[in-house]
Every structure is written in C-alpha cells, then in structure tokens.
Amino acid sequence: MYIMEKAPAKINLSLDVLHKRKDGFHEVEMVMTTIDLADRIELTSLKKNKIVLEAESRYVPNDERNLAYLAAKKMKKHYSITGGVHIKLTKHVPVAAGLAGGSSDAAAVLRGMARLFDLDTTPGELAEIGAEIGSDVSFCVHGGTALATGRGEKIEELPAPPPCWVVLAKPPIGVSTKTIYQALDVKEAGHPDTSSMVEALRTGDYEKMCQSVGNTLEGVTVRLYPEVAQLKEHMLQAGADTSLMSGSGPTVFSLVEPDVKARRICNHLKGFCDEVYMVRVLGTKETLD
Ligand SMILES: C[C@@](CO)(OP(=O)(O)O)[C@H](O)COP(=O)(O)OP(=O)(O)OC[C@H]1O[C@@H](n2ccc(N)nc2=O)[C@H](O)[C@@H]1O
Ligand SMILES: Nc1ncnc2c1ncn2[C@@H]1O[C@H](COP(=O)(O)OP(=O)(O)O)[C@@H](O)[C@H]1O
C-alpha cells in the first residue's frame with residue numbers, strides 16, 4: 001500500500017519564553033500557524049521488517065538521524081508493527097530555518113503510518129509520541145493554528161488567521177535552536193503580548209494580528225546574525241504590514257494582504273537574498289489533506 005502526506009512548515013506569529021526549566025528546556029507560549037510551503041512524504045508498506053529512507057536532499061541525513069526515520073521507528077515500537085516501511089522524503093522547506101521542516105516531516109510520518117497500517121489511534125496519542133521526538137512535533141501533528149505551551153507540546157487549537165500572504169526570506173545560514181535558547185537572557189529579552197495575538201485570531205482582526213507579532217528569541221539571533229534585522233527592515237520598507245523572525249531563525253517572514261504587494265516585496269528581496277518564498281497562510285487542519 002502507498003500513501004502521501006504533506007508536511008507543511010510553520011511560522012511563529014508570536015513566541016514568548018517565560019523561564020528556563022529544571023530539565024533544561026524553556027517554558028514557552030507560542031502562537032503557531034501552518035503555511036503553504038511543504039515537504040512531501042511518501043510511504044509504502046514493506047513485508048520485510050525494516051525502515052528504508054530515501055531523502056532527496058543533500059541538506060538532511062539519510063539515516064537514523066533523520067526525524068522522519070526516528071518517527072517511523074517510534075511508531076513501529078509503540079504499535080508493535082511487524083512490517084516495514086519505505087519513506088520517500090522530498091524537501092521543499094529550508095533546513096534549520098525556524099520553520100520546523102524536520103518536525104513536520106516527523107509528524108507526517110506519524111500521521112501517515114497510522115493510515116498506512118490502519119492503526120486505532122488519535123491525533124492526541126500521535127502528538128504524545130511526537131513530543132518524544134521534538135518540542136514542535138506535537139503542533140505539527142495537529143497542524144492548523146494553535147497556542148503551544150509547556151515546552152511547546154501542549155496544544156490549544158485556535159481559529160485560522162485572516163487570509164493573507166506570507167513572504168519569507170532565508171539568509172544563507174543555518175541556526176541551531178539549542179544555541180539560541182542557551183544564549184537567551186529571559187529577563188533582558190523582549191516579550192510579546194500572547195493574549196493580544198490570541199484575541200486578534202479569535203476576532204479575525206488582521207490589523208491587531210499584525211500589531212501583536214513578537215518573538216523573544218529574535219534579539220538573540222540578531223546579535224549573532226545582524227542580516228536578520230536587515231531583512232526585516234527591507235520587508236517593512238517594501239510595504240509589509242508586519243515582519244518577524246520565525247522560531248529561532250534565521251528565516252524572516254512578513255504578512256501582507258494584496259498579492260501585488262506581496263510580489264513587490266518578493267522582487268525587492270530577491271535583489272539581495274537567494275531564498276525568497278511567497279505563500280499563503282494555511283492555518284486550518286483541513287488543508288493538510
Ligand atoms: C524555537 C522553536 C519555536 O517553534 O522552533 P524552531 O526554531 O526550532 O523551528 C521551538 O521552540 C524549538 O522546537 P524544536 O526544534 O522541536 O526543539 P527540540 O528539538 O525539542 O529542542 C532543541 C533544543 O532547543 C532547546 N529548547 C527547545 C524547546 C524549548 N521549549 N526549550 C528549549 O530550551 C533545548 O536546548 C533543546 O535541546
Ligand atoms: N527530515 C528532516 N528535515 C530537516 N532537518 C532534519 C530532518 N531530520 C533531521 N534534521 C536535522 O534537524 C535539524 C533542524 O532541522 P529543521 O527542522 O529544518 O529546523 P528548524 O526547526 O529550525 O526549522 C537540522 O540540523 C537537520 O540536520
């Protein structure tokens with residue numbers, strides 16, 4: 001049997017870090033939403049008891065270190081699956097970019113294997129398995145738009161953002177999430193107003209959403225990579241309604257309503273950044289199918 005799953009990237013509309021926990025992770029409050037930029041996961045069941053990963057990208061590992069492979073291993077163990085699976089992964093989401101590409105690939109394998117082997121499971125159960133793989137995997141299992149708390153694994157569904165375009169620009173650097181969290185001084189950093197962002201989504205208020213964006217990690221990444229701040233500035237100069245770094249970076253996104261404006265920002269950015277994307281915000285679970 002063969003099935004295909006989309007693995008969409010996420011952006012953090014807001015990301016607040018509250019404090020460092022005893023287990024070394026940070027307590028966060030994040031509003032996340034999926035965007036129409038996705039990897040493709042193709043799964044084929046195998047009679048032999050093995051996991052075969054075919055990743056057509058020189059940027060990701062082709063073995064057990066790949067989060068898609070790890071997800072398949074966890075599923076086999078958790079549900080005592082005796083058969084094997086062939087995973088074909090086609091990357092479109094930039095790697096180590098703050099867009100959760102790897103987490104979304106893992107989540108797509110969790111969802112996909114549940115379908116492939118006709119397992120009696122729930123998204124909540126898959127999200128729990130996902131949390132063992134990474135903090136962002138639970139959100140990626142559910143998709144849509146959500147408030148993520150704890151270390152990111154506690155998910156509360158939110159309404160999709162008002163329809164808009166997302167223009168993304170990724171400078172040619174890979175950022176380690178761990179390094180950024182480690183360099184953060186929670187007391188010194190800026191903190192977004194999460195409740196204002198939640199309110200904006202609940203009322204479908206585009207302007208309020210744009211005003212409420214914020215990311216506690218942005219200042220840390222900007223200190224290490226000043227080009228992140230420059231990209232933000234370029235986006236705003238070109239007419240973006242708002243602009244923010246996603247996750248631990250270095251990708252910067254801007255939001256804008258009319259497509260002509262989004263195209264203008266894209267063209268402006270392409271002058272000095274090779275990786276520029278113009279995509280729709282997805283924001284709902286249904287669009288994962
Ligand atoms: C910053 C965020 C925002 O969405 O995303 P990315 O920039 O990675 O996309 C997430 O919090 C990242 O989630 P994820 O990438 O799954 O992180 P994990 O693999 O669980 O953790 C990587 C490392 O980041 C740190 N970490 C992660 C999450 C958290 N709440 N506190 C932390 O301190 C820990 O040092 C951990 O060892
Ligand atoms: N399927 C995968 N896709 C992307 N990166 C992966 C994958 N599996 C493992 N990784 C590793 O995970 C790290 C972070 O990847 P990614 O999820 O793209 O970062 P981010 O969450 O910052 O967007 C990279 O260093 C990469 O080598």
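Residues are numbered from 1 along each chain as its sequence is written, while chains are lettered from A and ligands numbered from 1 in the order in which they are written. In this predicted model, local features need pLDDT of at least 70 and side-chain atom pairs count only at pLDDT 80 or more, whereas totals for chains, interfaces and linings use all residues.

A residue counts as near a ligand if its C-beta atom, placed from the backbone, lies within 6 Å of it. Around ligand 1 there are 19 residues, and Gly-134, Ser-135, Arg-151, Gly-247 and Ser-248 come nearest. The elements β1 (2–20), β2 (26–46) and α5 (177–182) each give two or more residues to this shell. Helices (H or I, at least four residues) and strands (E, at least two) are DSSP runs, numbered from the N terminus. Domain 1 (2–158) and domain 2 (165–280) each supply at least three residues to the shell around ligand 1; the domain bounds come from an automatic or database assignment.

Ligand 2 has 19 residues around it, with Asn-66, Leu-67, Gly-101, Gly-102 and Asp-105 nearest. Two or more residues come from each of α1 (67–78) and α2 (101–116), and α2 gives the most, four residues. Ligand 2 lies between domain 1 (2–158) and domain 2 (165–280), because both give residues to its shell.

In the table, Ala, Val, Leu, Ile, Met, Phe, Trp, Tyr, Cys and Pro are nonpolar, Asp, Glu, Lys and Arg charged, and the others, Gly among them, polar.

| Shell | Residues by class |
|---|---|
| Ligand 1 | six nonpolar, 10 polar, three charged residues |
| Ligand 2 | nine nonpolar, eight polar, two charged residues |
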